[in-house]
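Let's learn to read a protein model together, one feature at a time.

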Amino acid sequence: MGQSRVVVIGGGNAGLCSALAALEGGAEVTLLEAAPEPERGGNSGFTAGAMRFAYDGREDIVQLVPDLSEDQLARTDFGSYPKEQFFDDMARVTQYRCDPDLVDLLVTRSFDTLKWMREKGVRFLPIYGRQAFQVDGKFTFWGGLTLETNGGGPGLVDSLFNAFESAGGKVFYGHRAVGLTEDGGKVTGVVVRTGGEIRTISADAVVLACGGFQANAEWRTRYLGPGWEFAKVRGTQFDVGDGHRMALEIGAMSWGNWSGCHAVGWDSNAPAFGDRVVGDGFQKHSYPFGIIVNSRGERFVDEGADFRNYTYAKYGQEVLRQPGQVAWQVFDSKVTHLLRDEYRIRQVTKIVAPTLEELVRRMDGIDAGQFLRTVHEYNEAVDQSVPFNPNVKDGRSTSGLPVPKSNWANTLDSPPYEAYAVTCGITFTFGGLKIDTSARVIDVTGEPIPGLYACGEIVGGLFYFNYPGGSGLTAGSVFGRIAGSAASAAVGRSAASSVSA
């Protein structure tokens, strides 16, 4: 009996975890990457590498980061993020529409999956710079997000590729999957376009891990709605919905929030697709400490509704709805030391001025008079009797405004002032394919399609309307591992059955 063959389509975090798990199961694994080698990694290569997972306390963190020094441990409060809270956060931000069975797997297997990734060579670090503020000499983590991969997304991708190739996996770059082959209702291979030619690669099982359709402007306007052609794509240009199309063509069930996506505040002058040098530096996520105004000079969201981990993925589309698809984030000197590193990159659309009047004169296309009235009314509405605390939802709010600010409301009255121009940056789309708890793709009759699995951003049913920060990479890893293990195990059972027959 020959070795079973698993083909994984997509070379991001989910695809690589799937490929590694299939190798562990004894399969011969080929990974197809549409991009050339220098652009490999899908969206994962553009992330900062933060991963949300359930943990009970410092001891769990030490298992994932065993080289933390005694000094680091002494001056850090990692807190905990229980499984129940992770599950509740997923349910709350998706308005209780997320698939409970898939979420249960995501939550309960998150910690073990990160330990497995560490065994494969991925290294993790505490996110001191973005997820912890120093209070009374101690770093305190907040928002359920504690660790990131060493080297960010590029480091994650490189580590997983190294592990996969070292274990004997094969990678074909520049191979865009365009179709699936079938025999008797079972998926038997992948049709690929490479070098201007079409060829077929046979397989005993195929794993779709080729991302969302966010890089397809026509599909964005078709499914997300008018105006989405103006969004910037934060990541790879290769996520155009090929996996969705191929699976739907053979009867897969579409599932999830097809009119929804992960979209953030993104520098207004960023390029149309992700920049591998800048990475995720174009994002602008410190808005809870200032205000956001549109070109009419008006606030339009509650900047302090929740920790940015629970609002940033939906506020990008709020910016897209504004005139000109642009907005301004405004801060004063009381909080600029709290701004994330992305506000300090060279490629930033930034204005600094000693007065609000000078600031607004330099903010292109904005109604200066209304902006100054907005700031005045906002300042008057801030409850300054409540202490400001960036580590908790401090309840320092406004009163009497049409659009409230529920936490971290500070007056804008301490020069110099800073303003940053942002637009909408789309990360990935939420609509996708229905899978079961073994990551098998389900068809329109509710039955699994033999030989076809899916993981990562192509999976529907996990995210609706919004997204808890860091849960996307974790979902890719968890369901990637499940898909790869299930694909190799199913192939092995099928081959054994054939031999015994």
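**Reading the model step by step**

Q: Where does Val360 lie, and is Val360 buried or exposed?

A: Val360 sits in helix 12 (residues 356–361). Helices (H or I, at least four residues) and strands (E, at least two) are DSSP runs, numbered from the N terminus. Buried means under 20% relative accessible area, exposed over 50%, and partly exposed in between (1.4 Å probe, protein chains only). Val360 counts as buried because its relative accessibility is 4%.

Q: What should I know about the model before going on?

A: This is a predicted model, in which local features need pLDDT of at least 70 and side-chain atom pairs count only at pLDDT 80 or more, while totals for chains, interfaces and linings use all residues. Residues are numbered from 1 along each chain as its sequence is written, and side-chain values use heavy atoms, with hydrogens and water left out.

Q: How do I read a salt bridge, and how many are there by this rule?

A: Side chains of opposite charge can pair when their charged atoms come close. Here a salt bridge is a side-chain nitrogen of Lys or Arg within 4 Å of a carboxyl oxygen of Asp or Glu. The count comes to 24 salt bridges.

Q: What distant parts of the chain does the pair of Arg92 and Asp306 link?

A: The side chains of Arg92 and Asp306 meet in a salt bridge of 2.9 Å, N to O. This pair connects helix 4 with the loop between strand 17 (291–293) and helix 11 (312–320), across 214 residues. Asp306 also forms a salt bridge with Lys393, with the closest N and O atoms 3.5 Å apart. That pair links the loop between helix 13 and strand 20, where Lys393 lies, to the loop of Asp306, 87 residues apart. Through shared partners, salt bridges join Arg52, Asp89, Arg92, Asp306 and Lys393 into one network.

Q: How do I read a polar contact, and which side chain does Gln329 meet?

A: A polar contact is a pair of N or O atoms within 3.5 Å; within protein, one must be able to donate a hydrogen and the other to accept it, and residues adjacent in sequence count only if both atoms are side-chain atoms. Gln329, in strand 18 (residues 327–331), has a side chain joined to that of Tyr343 by a polar contact of 2.5 Å. The side chain of Gln329 also reaches the backbone oxygen of Lys284 at 3.0 Å. Gln329 is buried, with a relative accessible area of 2%.

Q: What can backbone angles show, and which residue follows helix 4?

A: Helix 4 is followed by Gln95, whose phi is positive, near 55 degrees. Tyr96 has a phi near 65 degrees, a positive value in a residue other than glycine. Tyr96 is exposed, with a relative accessible area of 63%. Elsewhere, the peptide bond from Pro415 to Pro416 is cis, with omega near 0 degrees.
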